[in-house]
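Please consider the following points on the model shown below.

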Amino acid sequence: MKNSIECPNCGHKNNSIDRVCKNCHFYLREKIANIDLWTTFWKMLETPRKAFQNIFFAEKKNYVFILLFVLSFKFCFNGLVLANITKKNIFVFDEFYFNLLLSFGYFFLFIFLFSLFYKLTSKIFGIYVRYKDSYTLFTYSLWPMIFAVVILSLLQYALFGEFYFTFNPSPFIIKPFAAYVLLALEALTILFTLYLAIWGIYVQTGYKIYAFVFGVIFIVLLHLAQYLLPFAPFAINL
Ligand SMILES: [Zn+2]
């Protein structure tokens, strides 16, 4: 087990998240009660290892639900753009709020089911991870998407109005340069979330290749889920 820590007092192997040695009750680390939102965001840029350690050590997983709520807007917008580009189903603005609500549900379900899948897979590989650490890790690793939903979505809307969502005509025809710059920023945001997810899994498990593979699976499945979002009115394309 790579994610274990040896007690300096008795040598017993404890899980890396343990605060007190299971064998001799020696204190292995300081108590961390809460996750501080802004410090964590900043630390993820500077020292991702410390940022994720704090997340795992924290007894209370603060802000997870608020973050999921804000992130689900991006999840919805991305799904909407993807649905319209591929003409999978055409997004109707009359149903906007209903579809937004639906996206919250899909996104929450995705994060909690994926974390369960991750926990169970880790167990098969003999790696112990806690469920709440896992969904906190995946939620926090997506924080660059908050930047994307706040700044990029506003820019996209300011530049292209609803054409950014309908893709009829495509923003690449209306203002090609601006459209490509925004696309590049979107791509950078996605790469950044991948980088953070890999770091988080690595800090949690101690395995580099496992972290890389699972980080990629997480980001790919997240975007696949966005692409597959069924929006109302429910079009059946068989
Ligand atoms: Zn001990």
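1. Tyr63 is partly exposed, as 19 other C-beta atoms lie within 10 Å (20 or more would count as buried, 12 or fewer as exposed, and anything in between as partly exposed, with C-beta atoms placed from the backbone). Tyr63 sits in the loop between helix 2 and helix 3, and its phi is near 70°, a positive value in a residue other than glycine.

2. This is a predicted model, in which local features need pLDDT of at least 70 and side-chain atom pairs count only at pLDDT 80 or more, whereas totals for chains, interfaces and linings use all residues. Residues are numbered from 1 along each chain as its sequence is written.

3. His25 also has a positive phi, near 60°. His25 lies in the loop between strand 2 (13–15) and helix 1 (37–46) (helices are DSSP runs of H or I with at least four residues, strands runs of E with at least two, numbered from the N terminus). His25 is exposed, with 10 other C-beta atoms within 10 Å.

4. The largest nonpolar core has 43 residues (buried Ala, Val, Leu, Ile, Met, Phe, Trp, Tyr and Cys joined through C-beta atoms within 7 Å). Those with the most contacts inside this core are Phe52, Ile55, Leu80, Phe138 and Ala197. Helix 3 provides the largest share of this core, 8 residues.

5. Phe52 touches Leu137, Trp199, Gly200, Val203 and Gln204, leaving aside residues up to four places away in sequence (contact requires C-beta atoms, placed from the backbone, within 7 Å).

How values were computed: Two residues are in contact if their C-beta atoms, placed from the backbone, lie within 7 Å.
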